Amino acid sequence: QNSGVSEATLIRFTKKLGFNGYTEFKLNLSADLASAQHQSILMNVTEGDSPLEIYQKLASFTKTSIDATERTLESDSIAKAVDLIYETHKQGRRIYLSGVGGSSILAQALRIKLMRLDIPSIVFEDVHLQLEAVINMKKDDLIICFTTLARSAQNHQFIRLANQRSAKAILITQFGNQRLADQATVTLYTSCIENNFRLTNQTSILVQLMIIDTLFLALALKDLPKIVKDVEDAKEIFDELGYYDY
């Protein structure tokens, strides 16, 4: 509307630039803008900064990352990811979680969230045990992979194995990792929040934890009366066993 052109003209323009359409163009533009903002924040951290000043800059960087990720997440993709987890569980299929290095924290965090919804999942920190587990994937099982830079060979191997076994794959990664995303059933993109120096590892973890909480709450809302009852039952057991006596 602001440009005074038709939708068809806009689509032709984005394709002329080499994109598949407006959506891909929008995501790339958002990621580039976010990346430029993050780089300027990182460059402002200097040797003379006090611990409080470093905290303030990291907090600003984290807030920018969360806002930028809101623009790179697609409504259809995150809804499809929730449905995939829910349907896989309801069909009695297995859910595998994968994260290498720092991303293993995220796989464990999601395992705990799913456990609270009575959704079993399989995760190992040791990459050899991860591979042994993933080899057991069957048709309509699901693997959820966490990776920021998508540099670890394991995630590529695990998603390739999922495809070979007609299993599904949810990938949670930084925007721009198209080669791995093309192999996944659903990809949830964070903004470009980490570079090759890995100075922002904690920020990428925090943003992906936000995505985990979003998946958790969306799943809980699908069976809310049951979840509320389960929480109340669990609290009663904790009370009976004296876990809240101190």
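How much space lies in the largest cavity? The model is a predicted one, and in it the largest cavity holds about 40 Å³. Rolling a probe the size of a water molecule over the atoms shows where empty space is left. With the cut-off set at 30 Å³ or more, the count is one cavity.

The lining of this largest cavity consists of Tyr96, Leu97, Ser98, Ile122, Val123, Phe124, Gln130, Ala133 and Val134. Two elements, β1 (95-99) and α6 (127-134), each give two or more residues to that lining. By residue type, the lining has seven nonpolar and two polar residues, and no charged ones.

The largest nonpolar core has 30 residues, and within it Ile85, Ile144 and Leu215 touch the most other members. Helices and strands both contribute: two or more residues come from each of α4 (75-90), β1, α5 (104-116), β2 (142-146), β3 (168-174), β4 (186-190) and α9 (201-222). Of these, α9 gives the most to the core, with seven residues.

Which residues does Leu215 touch, not counting those up to four places away in sequence? Its contacts are Ile78, Ala81, Val82, Ile85, Ile172 and Leu188.

Another core, of 20 residues, lies apart from the largest one, and its members include Ala133, Met137, Ile143 and Ile159.

Methods. Residues are numbered from 1 along each chain as its sequence is written. This is a predicted model: local features need pLDDT of at least 70, side-chain atom pairs count only at pLDDT 80 or more; totals for chains, interfaces and linings use all residues. Side-chain values use heavy atoms; hydrogens and water are left out. On a 1 Å grid over the protein atoms alone, a cavity is a set of points where a 1.4 Å probe fits but cannot get out, and a pocket is an open set with protein on both sides within 12 Å along at least five of seven lines; lining residues have an atom within 4 Å of a point. Grid points are joined across faces, edges and corners, and a volume is the space filled by probe spheres set on the points. Helices (H or I, at least four residues) and strands (E, at least two) are DSSP runs, numbered from the N terminus. Ala, Val, Leu, Ile, Met, Phe, Trp, Tyr, Cys and Pro count as nonpolar, Asp, Glu, Lys and Arg as charged, and the others, Gly among them, as polar. A nonpolar core is a set of buried Ala, Val, Leu, Ile, Met, Phe, Trp, Tyr and Cys residues joined through side-chain atoms within 4.5 Å. Buried means under 20% relative accessible area, exposed over 50%, partly exposed in between (1.4 Å probe, protein chains only). Contact means heavy atoms within 4.5 Å.
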